[in-house]
There are 4 protein chains.
Amino acid sequence: MVKMALFGAGRIGRMHADNLAANPKVDLAYVYDVYEPAAKEVAERHRTIVAADVETVLADASVDAVLIASSTDTHVELITASAQAGKAVLCEKPIDLDIARVNQCREAIADCNVAVQIGFNRRFDPTHRAVYDAVRAGEVGKVEQIIITSRDPGPPPAAYIKVSGGLYRDMMIHDFDIARFLMADEFVSVSAIGSVLVDPEIGALGDVDSAMVLMQTASGAQCQICCSRRAVYGYDQRAEVFGSSGMVRSDNRRPSGIIRDTATTTDARVPLTNFFIDRYPEAYVAELNDFIDAAATGRVPSVTFEDGRRALILADAANESLRSGAVVQVSYD
Amino acid sequence: MVKMALFGAGRIGRMHADNLAANPKVDLAYVYDVYEPAAKEVAERHRTIVAADVETVLADASVDAVLIASSTDTHVELITASAQAGKAVLCEKPIDLDIARVNQCREAIADCNVAVQIGFNRRFDPTHRAVYDAVRAGEVGKVEQIIITSRDPGPPPAAYIKVSGGLYRDMMIHDFDIARFLMADEFVSVSAIGSVLVDPEIGALGDVDSAMVLMQTASGAQCQICCSRRAVYGYDQRAEVFGSSGMVRSDNRRPSGIIRDTATTTDARVPLTNFFIDRYPEAYVAELNDFIDAAATGRVPSVTFEDGRRALILADAANESLRSGAVVQVSYD
Amino acid sequence: MVKMALFGAGRIGRMHADNLAANPKVDLAYVYDVYEPAAKEVAERHRTIVAADVETVLADASVDAVLIASSTDTHVELITASAQAGKAVLCEKPIDLDIARVNQCREAIADCNVAVQIGFNRRFDPTHRAVYDAVRAGEVGKVEQIIITSRDPGPPPAAYIKVSGGLYRDMMIHDFDIARFLMADEFVSVSAIGSVLVDPEIGALGDVDSAMVLMQTASGAQCQICCSRRAVYGYDQRAEVFGSSGMVRSDNRRPSGIIRDTATTTDARVPLTNFFIDRYPEAYVAELNDFIDAAATGRVPSVTFEDGRRALILADAANESLRSGAVVQVSYD
Amino acid sequence: MVKMALFGAGRIGRMHADNLAANPKVDLAYVYDVYEPAAKEVAERHRTIVAADVETVLADASVDAVLIASSTDTHVELITASAQAGKAVLCEKPIDLDIARVNQCREAIADCNVAVQIGFNRRFDPTHRAVYDAVRAGEVGKVEQIIITSRDPGPPPAAYIKVSGGLYRDMMIHDFDIARFLMADEFVSVSAIGSVLVDPEIGALGDVDSAMVLMQTASGAQCQICCSRRAVYGYDQRAEVFGSSGMVRSDNRRPSGIIRDTATTTDARVPLTNFFIDRYPEAYVAELNDFIDAAATGRVPSVTFEDGRRALILADAANESLRSGAVVQVSYD
C-alpha cells in the first residue's frame, strides 16, 4: 500500500480522489484544499481526513506520496516541499508558467531521491499509447511528420484565461508533450501563429484562441500542431505519426458507437466526448498506477519533471515566435 | 443504501461484486457460493461476509436485494426463495433452460410484490441504448427490418456446452432479447437454421455453433439474427434497425482507437474487444443502477421476468424450427 | 473488333449503348427497339444504324454478338434466335420469369456453340470482385456465413411491379446470384419471409416489398439476404463473407467522400449513390469487356446461362417458401 | 462544338486526349508534340491530325481553343501565342516557375479577350468541390483553420526533380491553390519548413521532399499544409476546413470499398489510389467541361491566370521562408 495525500479538491482533484479511493494499492490518508469545504466533501465521500495544512501532511512520515492538483501557482512550492520531505510527487501540469521558477525548482529538488512525475495524462490514454507503442515498434519506420489536432469543446471563462499563462502554456503544452512523446526526439526550432477567432474577450486579455505551430528536430523531422479553444462537435484530440513505412493515428472518442443513416446523411456518429474528464478516464487511472509503481519501486517516473520543463520551453518558444514573427531556435539548457 | 447479497462468486459473480462494492448506494452484506473459497476471495477483496448458506441471507430482514450469478440450474430456486422472502432480485440470464420450470417460477412469485429483474445487460450498453432511444424517438420512422450479428470470439469448452442448453438458449437468447427490445413488438413466427462449422465436438454434443434465424411480427416487421461461436477478429456485436425514414446501427467496440495505414492496408483498426466483460462494462454498472432504483422505489424493473421468459420461448421456437425444418408460430401464453 | 447489335434502347439499353460506343474493341453496328424513336435516338448519338427488325440483324453474318436489353418477356426468344444464328449473347437478367421457359431455352440453345452470358453486373463491381478474390484467395478461410443487404432507394411504379415477377425474381435475383458467386457452392434449402411495409399498392398487386431469406448449402454454410424496395438514405448494397479466419465486406458507395462534423453529429457522410447506374458504372464496363473477350475467344463466359437459371430457381424456392411457410429443398435439375 | 487542339502528348496529354475525344461538345482537331511519335499515337487512337507545328494550329481560324499539356518551360510562350491568336486556353499548372515570366505573360495577354484557365484540376474533384460548396453554404460558419495533407505515393525521378522548380512550386502549388479555393480569402503571411527525409538524391539536387507550411489571412484565419514525396499507403490527399459551427473534410479515395477483419486487424481498407490520374478522373472531365463552357460562352473561367499566379507567389514565399527561417509577408502586386 502506498499512503497518499491529495492537495487540491477542485474539479480535477475530485476526479483524482475517486481514482485514489478506488485503487487497491493506495491508502488515501489526507485531503487538503485552501478552501476547506471542498476538502471536506472529498474526505466525507472517501472516508478520509481533512488536513489542516500542508505541513501536517508532510510531517507525517507514514505518507509516501502526494498528488498535487491545486492551482498552478502553488505547484512549485508544493513540489519542492514535498520532494524535500521525501514524498514521491505526482503533480498536475504545468509545473509553473515561469521557466525561471521551474529551473529553481529543478535545482531545489535535484538531490531529493524521490519520484517526481508531471501529470501529462494523455501519454497514458490507451489510444495515444497504442500509437506510441506502434511507432516505437517500428511500424511507421523512421518518423518523418507528426500532425496533432487539439481543440477544446469551448473556451474557458475569462477568469481562467487570466491566470492560464496563455494558450501555448496552458493548452498546447499537452500537445508539445505528446509531440515529444511520439517523436522520441527533441525539437530544435519552433514557429507559431495565433489569432483571436473565437472569443474577443480572450483577445482583450492578451491571449489567442486559435493557434498553429511548426516544429523541427535536428534531423529534420517535422511536426504541426493545431489548437482551437472551441470545436462545436466536441473535444477533438487527434494525432498522426507518418513515417517511411506507414502512418498510425490516434482517433477521437465518442460517448457511444451509434451510427445513423437518414435521407440527408449516412454513417453519422454522435459528437465527440465532452472534455478531458470524459475523454481520458482510463488515462488518469493508468497514470496513477504508473506513478504508484514508480513511488513504490523508486524507479524513474514515466513522465519526468524534465518532461514538464521541456514542454514549457517549447510553449515559451511558441510565444516568442508569435511575438517576433520569426522561427525560434530552442535550447533546453 | 440498498443492502445486498451476492449469490455466485464465479467469473461473472466477481465482476458483479466489483460493481456492487464500487456502488455508493449499495452495501454488499453477504457473498455466497457453493464453492466456499470463491466466496471467501470475493469477501476478502471487498471486506464483506461469507454467508454459510442461502437461508441465512434470506432470513436476514435487513437484506433488501439479491444478485443471482450462480449456475443456471439454481436460478429458479433462488429467484423463488428470494422473492418469497421479500427480496428484490437481479438474476443473470437465463431464468432456466426449461420453459415449464420458468412458468412454475412465474406462478410461484406472482404474488411477491418485489422487483425481479433478468440480467439482459446489453439493453444497458450505451450504444445499444442510444439505438433504442433513437428508434423510440422515431428517428427511423416505422421499424421494418432488424439485423443482429452476434459472434463470440471463440467457442466455450465442451463442459460448458453440455449444460448450456444449446446455442439458441445460451447465446442467441441475448439476441432474442435485443431484437424484442429494439422492435418493441412481439415476434409471432420463427424459422431457424443451424450447423456445426466451428467445432465438431459441439456437434457431437448435439448442439450447433453457427446459426441464423428469421422472425416476423404480426404486422410483418422482420428480423434476422446471425450467430457464430467463433470470430477470429473478436467479439462481434452489431445491431441494425431499418425503417421508413432511416437506419440506426450499434457498432462494435475496440480496446483502442488507433488507426493504421501501411503499404498493404489503410484505416486498419485493432481487433474487437475480447468478450462480454470487456465489451459491456458500462452496461453492467448501468444495469445494477437501474435495478437498485427499481428495488429502492418499488417500480417495475426495466427488464422483467416476463422478458426473460419470452426470450426463452423464442429460443425454444428456434430449436423446434431447427428440428422440424418448418416455420414455428410462437405463443407467449 | 467485335461487331455488335443492341436490342433494346430503353434506360439500361442507352447506358449499354454508351459503353459499347466507348469500347475500342466494339463496332456497334445496329440498334433495335420495338419503339423506333428510342432506337433512333441511340443511333444518332452513336452514329450507327437503326435495324428495321431483329431478323435483319441476325441475318447479317458480320454481326458477331448481340446485347439484349429489351423487356424480360422478349429475352428467351431473342436469346434463342441469336444463339441459333451463331451470335454470342449478353442478355440482361432475368432470362425469364418462368423456369419452364428457361428450361426450354436451355434445350433450344444447347448445341449452339456460342457464348451466352447473363447480365449479373454486380459480379464485375470492383468491390464485390475484390471480396470474391479475397474469399477465393482464402483470406477468410472456410466460408461459413454470408450476409447480404440489398435495398433500393425507392419502389418502382405499379406498372413495373405488375410485370416484374415479384421481388424475389426481379430484385433479390441479383442477391441470389451474388450469394452463389461468393459462396462458390450451391444452396440446397431456402426459407423466406416477405411483407408489405413500404407501399400498399405493391401488396395490392400480390407482391411484397420487404423480404428476408435464409439459405444453406449441403455442408451447412449459411446465408441471409435482406431486401427492401425503399431506403431513404440511398442504394444500400452490402455483402459480408464470414469464415474461419476472418471476414471481408463489400461496402456501400457514395457520390463524394466529404465528411461533416457539426454540433449534433460527427463523421457524417453523404447519402449513398442513387441507383444501379450510378452504383455500378465500372461493373457494366467490365461486364462488357469480359463478354467481348468470351465472344472473341470462344471461352465459356464468366456468368453463364446456368447461373441465370439457378438464381431463378432460388427465387422460385423463396416464393414457394413464402407461400407455404416451410423450408423449401432446392433441386437444380 | 468547340474545335480544339492539344499541345503535348505525354502521359497527362494522353489522358486529356481521351477526355477530349469522349466529350460530345469537343472536336479534337489537332495534336502537337515536339516528339512526333507521341503525337502520332494519340492522333491514331482518336482519329485526328498531327500538327506539324504550333503555328499551323494557331493559324487555323476554325480552332476555338487549345489545351496545353506540354512541359512547363513552354507554357508561357504557348499561352501567349494562343491567347494572342484568339484561342481560349486551358493550361496545365504551373504557368511557369519564374514569377517574372508569369508577370510578363500576364501583361502580354492582358488585352486578349479569351478565356485562360489554369489546370488546378483538384478544384473540380467531387469531394473537394463538395467541401467547397459546404463551406460556401456556411456549413462550418466562419472559416478559422484549414489543414491540408498532400502526400505523393513515391518520389519522382531525379530528372523530374531537376526541372520541377522544387517541392513548393511543383507539388505544394496544388495545395496552395486548394487552400486559397477553400479559404476564399488571401493569405498574407507564409512560414515554411522543409527537409530531406525521403530521398538523399532530392537533397543533392537542392530540393526538399518533406515540407510543412503555415499561412495566415489578414483576418487571422490559419492554414497548415503538410507534404511528402512518399506515402507507402498511396496518394494521400486530405483537406479539413474548420470553423465556428463545424468542420468538413475531404477524404481519401480507394480503388475499391472492400473492408477486411482478421485476427490482427479490423475494418482494414485497401491502400489509396495510386496517383493523380486514378484519384482525379472525374476532376479532369469536369475541368474540361467547365473550360469548354467558359470558352463557348466567353465567361471568366473558374480558375483564372491570376489564380495560377497567386499560387506561385505563395510557393515563392514558402521557398523564401525556408531559406531565411523567417515568416514572409506576401504581396500579390
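## Where chains A and C meet

Let's start with a contact: 15 residues of chain A touch 15 residues of chain C, where two residues are in contact if their C-beta atoms, placed from the backbone, lie within 7 Å. On the chain A side, that makes seven nonpolar, four polar and four charged residues. Here Ala, Val, Leu, Ile, Met, Phe, Trp, Tyr, Cys and Pro count as nonpolar, Asp, Glu, Lys and Arg as charged, and the others, Gly among them, as polar.

Keep in mind that this is a predicted model, in which local features need pLDDT of at least 70 and side-chain atom pairs count only at pLDDT 80 or more, while totals for chains, interfaces and linings use all residues. Residues are numbered from 1 along each chain as its sequence is written, and chains are lettered from A and ligands numbered from 1 in the order in which they are written.

## Where chains D and A meet

This contact takes 27 residues from chain D and 27 residues from chain A. On the chain D side, strands 7 (143–151), 8 (187–195), 9 (210–217), 10 (222–228) and 12 (246–250) each supply at least two residues. By class, the chain D side divides into 14 nonpolar, 12 polar and one charged.

Chain D goes onto chain A by a turn of 180° and a shift of 0.0 Å along the axis, with an RMSD of 0.0 Å. The two copies are therefore related as by a two-fold rotation axis. Ala326(D) is the residue of chain D that comes closest to the axis, with its C-alpha at 2.4 Å.

## One chain on its own

Chain A has 13 helices and 15 strands; these are DSSP runs numbered from the N terminus, with helices being H or I of at least four residues and strands E of at least two. Its C-alpha atoms fill a box of roughly 55 × 50 × 45 Å along the principal axes.

Of the 333 residues in chain A, 56% count as buried, meaning that 20 or more other C-beta atoms, placed from the backbone, lie within 10 Å of the residue's own. Among contacts in chain A with a separation of 6 or more, 71% come from residues 24 or more positions apart.

Nine strands make an open, mixed sheet in the order 15(C)-8(C)-9(C)-10(C)-7(C)-11(C)-12(C)-13(D)-14(D); two strands pair if DSSP finds at least two bridges between them. At the edges are strand 15 (328–329) of chain C and strand 14 (268–269) of chain D, each pairing on one side only. Strands 7 and 10 of chain C run parallel over seven bridges, and Ile148(C) stands opposite Ile225(C) in strand 10 of chain C.

Helix 13 (residues 305–324) of chain C lies across strands 8, 9 and 15 of chain C, at about 55° to strand 8. Angles run from 0 to 180 degrees between N-to-C directions, with axes fitted as lines to C-alpha atoms, for helices over the stretch in contact.

Terms used:
Copies are superposed by least squares on the C-alpha atoms of residues with pLDDT of at least 70 in both. A residue is buried if 20 or more other C-beta atoms lie within 10 Å of its own, exposed if 12 or fewer, and partly exposed in between; C-beta atoms are placed from the backbone.
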